[in-house]
Amino acid sequence: MNFVTMNFVTGCISLLILCNLATPANSFGCKPRNRDLRADSRLNIGILHRPPECSKRAENGDTISVHFEARLFRNCEKFDSTRDKGDPHGMTVGDGTAIRGFERGVLGMCEGEKRKIIVPSGLAYGEMGAGVVPPGATLIYEVERLPSK
């Protein structure tokens with residue numbers, strides 16, 4: 001391979017890397033898949049950050065506060081964000097006010113912990129959908145549990 005060809009290839013690779021890093025979906029860690037998971041798929045929980053100490057994990061009945069960003073699995077389109085609204089979401093774990101997958105996904109979270117939760121439609125809005133969430137949609141949440149006041 002000669003010098004000109006190598007520079008061209010290196011330049012193309014650098015451009016591809018820069019384009020991928022600048023994509024908003026990648027800043028969230030979301031890769032469009034053009035499909036949803038089956039409704040009966042299992043809940044997926046990934047720990048993005050675990051604090052060094054945890055005095056109490058979230059249990060059913062606990063009132064907690066979280067920041068979250070919610071996206072559609074199929075195309076990474078953001079449909080809700082407490083950070084964008086500037087207002088954390090307060091909830092009582094297990095009281096049924098949030099979708100089942102979200103409630104299960106925050107169980108056991110420590111203050112300061114961050115998780116990515118992939119919720120199949122069977123644990124979300126199902127075949128009915130809700131607002132901008134289409135029927136059968138798999139959802140991705142990036143959640144941070146905030147310190148208690």
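# Exercises: pocket, disulfides and strands

The largest pocket has a volume of about 190 Å³. Here a pocket is an open set of points on a 1 Å grid over the protein atoms alone, where a 1.4 Å probe fits, with protein on both sides within 12 Å along at least five of seven lines. Grid points are joined across faces, edges and corners, and the volume is the space filled by probe spheres set on the points.

This is a predicted model: local features need pLDDT of at least 70, side-chain atom pairs count only at pLDDT 80 or more, and totals for chains, interfaces and linings use all residues. Residues are numbered from 1 along each chain as its sequence is written, and side-chain values use heavy atoms, with hydrogens and water left out.

## Exercise 1. The disulfides

Find the disulfides, and state what pattern they follow along the chain.

Step 1. Search for cysteine sulfur pairs within 2.5 Å, the disulfide cut-off. The whole structure holds two disulfides.

Step 2. Take Cys 30 and Cys 76, joined with S to S 2.0 Å. The link links distant parts of the chain, 46 residues apart: Cys 30 is in the loop between helix H2 (24-28) and strand S1 (44-49), and Cys 76 is in the loop between strand S2 (63-72) and S3. The angle about the S-S bond is -90 degrees, left-handed.

Step 3. Take Cys 54 and Cys 110, joined with S to S 1.9 Å. Cys 54 lies in the loop between S1 and S2, and Cys 110 in the loop between helix H4 (100-106) and strand S5 (114-119), so the pair ties together parts 56 residues apart in sequence. This link is also left-handed, at -95 degrees.

Step 4. Check burial (buried is under 20% relative accessible area, exposed over 50%, partly exposed in between, with a 1.4 Å probe and protein chains only). Cys 54 is partly exposed at 33%, whereas Cys 110 is buried at 1%.

Step 5. Count bonded cysteines along the chain. The pattern is 1-3, 2-4.

## Exercise 2. Positive phi

Step 1. Most residues other than glycine have a negative phi. Asn 34 has a positive phi near 60 degrees, and Cys 76 has one of about 65 degrees.

## Exercise 3. Strand S5

Identify the strands joined to S5.

Step 1. Require at least two DSSP bridges for a pair. Five bridges join S1 to S5, antiparallel; Gly 46 has Lys 116 as its bridge partner.

Step 2. Six bridges join S5 to strand S6 (residues 139-145), also antiparallel. Lys 114 has Glu 144 as its bridge partner.

Step 3. Check cover. Five of the six residues of S5 are buried.

Conventions. On a 1 Å grid over the protein atoms alone, a cavity is a set of points where a 1.4 Å probe fits but cannot get out, and a pocket is an open set with protein on both sides within 12 Å along at least five of seven lines; lining residues have an atom within 4 Å of a point. Helices (H or I, at least four residues) and strands (E, at least two) are DSSP runs, numbered from the N terminus.
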